[in-house]
Amino acid sequence: MSVAGNHGPLLKPAKLNTATAVEIADMNKWYGDFHVLRDINLKVMGGERIVICGPSGSGKSTMIRCINRLEEHQSGRIFVDGVELTADLKKIDEVRREVGMVFQHFNLFPHLTVMDNCTLALIWVRKMPKKQAEEVALHYLERVKIPEQANKYPGQLSGGQQQRVAIARALCMNPKIMLFDEPTSALDPEMVKEVLDTMVELAHDGMTMLVVTHEMGFARQVASRIVFMDEGQIVEANVPEEFFAHPQHERTKLFLSQILR
Amino acid sequence: MTMAEGDLAVAELAFVRRTNIAPRPPPAAMTGAVGWLRENLLSTPFNVGLTIVIVLLLAWAVPELVKFLLIDAVWSGTDRDACLESVQHREIGACWPFVWERLPYFIYGSYPIPQRWRVDVFLAMLAIGVVWLLWLNAPRRDLGAIYFFVILPIASFILLTGWAAIGLQPVDTVLWGGVLVTIVVASVGIVVSLPIGILLALGRRSHMPAVRTLSVIFIEFVRGVPLVTVLFMAGVMLPLFVPEQLSPDKLVRALIGIAIFASAYMAEVVRAGLQAIPKGQYEGAMAVGLRYWQMMRLIILPQALKVTIPNIVNTYIGLFKDTTLVFIVGIFDLLRTIEVARIDPKWATPVTSTTGYAVAAIFYLVFCYGMSRYARAMEARLAKSDRR
Ligand SMILES: Nc1ncnc2c1ncn2[C@@H]1O[C@H](COP(=O)(O)OP(=O)(O)OP(=O)(O)O)[C@@H](O)[C@H]1O
Ligand SMILES: [Mg+2]
């Protein structure tokens with residue numbers, strides 16, 4: 001599946017703002033005895049857009065969830081915007097304020113309206129007055145093109161609309177980094193595009209993004225680097241042209257042959 | 001080959017609809033009273049059987065009840081003679097003059113007669129609080145909550161136990177009884193058990209081993225012991241260990257016992273609700289930066305409690321009826337006052353006990369059914385707010 005290439009010129013090179021956004025160094029993680037992430041090293045500069053792909057169970061979700069500490073790592077170090085993630089709750093809060101996340105299953109709060117979904121964290125985490133929070137929320141709902149749905153409940157929206165609300169909810173916190181974990185794989189085919197379009201626009205605006213996805217069209221168009229994972233390891237990382245044209249590792253070749261028919 | 005417009009040629013392999021089928025009303029058998037009967041009472045042979053059994057049961061029970069409570073009932077009199085079988089009255093139903101005469105006792109127990117207005121004021125204040133809180137469209141429900149959870153308990157305590165300094169003569173709780181005690185015990189149990197139950201449920205799911213262990217021990221211990229035992233321990237055994245002047249009032253001890261017991265049950269009810277919340281809700285809340293208590297208060301508990309409402313109310317209904325067990329430690333709740341009154345020689349007749357128990361049954365039925373109906377209405381309303 002591919003994204004229509006009607007978004008103007010391809011986005012490259014990335015408008016790097018020299019600062020390191022995410023640095024993962026020799027990171028390992030186990031679930032019980034199961035060594036799920038092995039010696040992960042990854043450095044993401046501000047403004048870079050990393051697409052992470054790989055077979056199911058290879059640890060993609062686990063890796064990006066370590067970046068906002070939804071999962072804990074057992075060895076190695078992770079720095080997010082200069083802050084090291086440790087058991088220190090203050091640091092975790094600090095990182096989560098700077099990192100937005102979009103999930104496969106949206107994880108919107110079904111008992112709150114779209115507007116309240118978006119303003120909740122502004123009011124309780126950023127301590128913003130309600131009125132101002134609503135202005136911010138409306139701004140981002142406009143940006144994902146669904147301001148008219150503000151007073152509905154998530155259950156009343158289509159999957160694509162829900163995912164765009166989830167993106168708006170994350171953007172409201174004005175994050176420096178956005179994490180996406182298979183944002184389109186729970187969507188019906190006709191809704192994939194509206195979500196990818198939103199993400200492409202975000203990329204145009206210079207957002208630092210780490211995206212787990214199998215949408216290779218999106219990767220080709222937007223990624224500054226593609227990271228291929230298998231069995232808990234980073235097997236190959238390269239710029240999209242090279243990654244698709246000359247994959248180096250056998251497993252990468254196999255994966256690409258399966259995914260690009 | 002051509003086809004007439006709107007003509008569905010069965011043999012045709014390709015088909016294009018040319019006319020639109022207009023909607024038609026459903027067959028008459030599906031609508032109206034007949035339709036309702038068919039669908040709700042007679043849809044399967046089993047339902048037909050069930051309907052017949054229920055109709056027969058009602059046909060037997062309802063006339064008997066009406067006969068006893070109304071038709072054969074005695075409506076006036078001053079003592080037992082009015083409610084005895086006589087030549088004029090061959091069959092005797094409920095003895096209402098007995099209830100009428102003892103009604104103040106059923107409501108206030110032995111609360112001193114000149115002070116009973118204080119109980120009336122308390123009941124009125126409670127009613128206002130309940131309506132304010134439960135009526136979802138009431139104005140200023142935030143004030144209502146403060147009134148109910150802060151002002152009301154303090155005011156009620158002063159009002160009912162008395163405070164000589166402001167001219168309210170102290171009334172020993174030994175004198176309290178009847179509806180007053182039932183309502184006090186039930187309200188305290190209901191109001192205290194939910195917050196403590198929530199804390200215990202969260203404690204049981206906590207990642208901190210000490211918190212979790214303590215919660216589990218408390219919940220399992222209290223649930224493993226009958227309420228009568230908890231009350232008995234609180235009421236009878238506590239004074240054996242604690243010096244007289246430190247040992248709290250008998251009613252207070254019973255209240256503590258009930259609150260502990262109800263909280264343990266409520267904890268399990270709430271835990272079941274928490275388990276129904278998908279992991280994604282926690283992750284969504286954490287990812288936007290909410291702290292643990294914010295996440296619980298704003299995201300998890302509202303959803304968990306919503307799916308738990310039927311079970312919470314079920315627990316409340318059980319608790320309301322369980323309050324009758326406080327008689328075991330010598331407290332005169334409504335049922336106990338009826339028990340005492342029915343053996344009063346002044347009213348000793350064959351129907352006195354039945355009448356007294358009928359009053360108790362009606363009282364508990366009205367309250368429990370009221371709770372049940374309210375819960376249904378609330379569920380329906382919440383279901384409307386987020387249809388998924
Ligand atoms: N909480 C957990 N406990 C134990 N094992 C887990 C847990 N979560 C994930 N795993 C295992 O860790 C491995 C990596 O999981 P992860 O979800 O990161 O894979 P993924 O690359 O995102 O796969 P997918 O494409 O299916 O989402 C899998 O084998 C999975 O079974
Ligand atoms: Mg995954």
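Visitor: By class, how many nonpolar, polar and charged residues does the lining of the second largest pocket have?

Guide: Sort the lining residues by side-chain class, then count each class. In this predicted model, the lining of the second largest pocket has 16 nonpolar, three polar and ten charged residues.

Visitor: Which residues lie nearest the centre of that pocket?

Guide: Of the 29 lining residues, those nearest the centre are A:Leu89, B:His207, B:Met286, B:Tyr292 and B:Met295. The space amounts to about 1,300 Å³. Helix H2 (89-98) of chain A supplies at least two lining residues, as do H6, helix H10 (279-287) and H11 of chain B.

Visitor: How many residues line the largest pocket?

Guide: The largest pocket has 42 lining residues, with B:Leu133, B:Leu134, B:Tyr316, B:Tyr374 and B:Met378 nearest its centre. Among the elements of chain B that give two or more residues to this lining are helix H4 (116-134), helix H11 (292-322) and helix H13 (352-385). Its volume is about 1,800 Å³. By class, the lining holds 34 nonpolar, four polar and four charged residues. Domain 1 (113-170) and domain 2 (179-331) of chain B each contribute at least three residues to it.

Visitor: Do strands E1 and E4 of chain A run parallel or antiparallel?

Guide: Look at the bridges that join the strands and at the strand directions. E1 (residues 20-31) and E4 (residues 75-80) of chain A run antiparallel, joined by five bridges. A:Val22 stands opposite A:Val80 of E4(A).

Visitor: What is the bridge partner of A:Val80 in E5(A)?

Guide: That partner is A:Val83. Two bridges join E4(A) to the antiparallel strand E5 (residues 83-84) of chain A. Their hairpin has two residues between the strands, and A:Asp81 takes a positive phi near 50 degrees.

Conventions
Residues numbered from 1 in each chain as written. Chains lettered and ligands numbered in written order. Predicted model: local features only at pLDDT ≥ 70, side-chain atom pairs only at ≥ 80, totals over all residues. Heavy atoms only, no water. Pairing = 2+ DSSP bridges. Helix = DSSP H or I, 4+ residues; strand = E, 2+ residues; numbered from the N terminus. 1 Å grid on protein atoms, 1.4 Å probe; cavity = no way out; pocket = protein on both sides within 12 Å on 5 of 7 lines; lining within 4 Å. Points joined across faces, edges and corners; volume = space filled by probe spheres on them. Nonpolar A, V, L, I, M, F, W, Y, C, P; charged D, E, K, R; others polar. Domains from an automatic or database assignment.
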